[in-house]
Amino acid sequence: FHIIQIKERKSLSLEQATPQIKQTLEDPNQLVSDAFAGVHIKVNPRYGDLVPGDAATGQPAHVVPHQNNALELPAPATPSVSGNPPTAPITPQRQ
């Protein structure tokens, strides 16, 4: 377990925080870009490649799928006629 000691707590009234809140909400793409700055994001290559966002153009970060990135899913289970319960389809596991 961890022990966290709080030495000082500062709180703002709504009136004091309103300008900062408005500034933050004016550009949500910048908010997301700032949140992802310095964070290492790893995308499974089977899903595509991560394209970082560009705050200057407002383009958010996104994943671009590969051209040959078709997921092969198993066929759905068929009902059993012999009285045995049907088998559930196998779903791909995330790695």
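**From the surface to the pocket**

Author: Lys10 and Glu8 are both exposed (over 50% relative accessible area; buried is under 20%, partly exposed in between; 1.4 Å probe, protein chains only). Their side chains meet in a salt bridge, at 3.9 Å from N to O (Lys or Arg side-chain nitrogen within 4 Å of an Asp or Glu carboxyl oxygen). Side chains of opposite charge can pair when their charged atoms come close. The structure holds one such bridge.

The model is predicted, so local features need pLDDT of at least 70 and side-chain atom pairs 80 or more, while totals for chains, interfaces and linings use all residues. Numbering runs from 1 along each chain as its sequence is written, and side-chain values use heavy atoms, without hydrogens or water.

Mean pLDDT (the predictor's confidence per residue, 0 to 100) is 75 for the chain. A score of at least 70 is reached by 69% of the residues. Buried residues are 2% of the 95 in the chain.

Next, the layout. The chain has two helices and two strands (DSSP runs: H or I, at least four residues; E, at least two). Their order from the N terminus is α-α-β-β. Helix H1, residues 14–26, has the highest mean pLDDT among the elements, 88. H2 has the lowest, 73.

H2 spans residues 28–36 and gives the most to the pocket's lining, four residues. The pocket (an open set of 1 Å grid points where a 1.4 Å probe fits, with protein on both sides within 12 Å along at least five of seven lines; lining atoms within 4 Å of a point) has a volume of about 180 Å³. The lining counts 15 residues. Nearest the pocket's centre lie Ser33, Phe36, Pro52, Gly53 and Ala61. By type, the lining holds nine nonpolar residues, five polar and one charged.

Ala37 sits in the loop between H2 and S1. Its relative accessible area is 53%, so Ala37 counts as exposed.

Gly58 is in the next loop to consider, between strand S1 (49–51) and strand S2 (62–64). Gly58 is partly exposed because its relative accessibility is 26%. Its C-alpha is 8.7 Å from that of Asp27, across 31 residues of sequence.

His66 lies in the segment after S2. Its relative accessible area is 33%, so His66 is partly exposed. Beyond its neighbours within four places in sequence, His66 is in contact with Pro45, Gly48 and Asp49 (heavy atoms within 4.5 Å). His66 and Pro45 are 21 residues apart in sequence. Their C-alpha atoms are 8.3 Å apart.

One figure covers the chain's contacts as a set. Of those with a separation of 6 or more, 17% join residues 24 or more positions apart.

Definitions and conventions
Grid points are joined across faces, edges and corners, and a volume is the space filled by probe spheres set on the points. Ala, Val, Leu, Ile, Met, Phe, Trp, Tyr, Cys and Pro count as nonpolar, Asp, Glu, Lys and Arg as charged, and the others, Gly among them, as polar.
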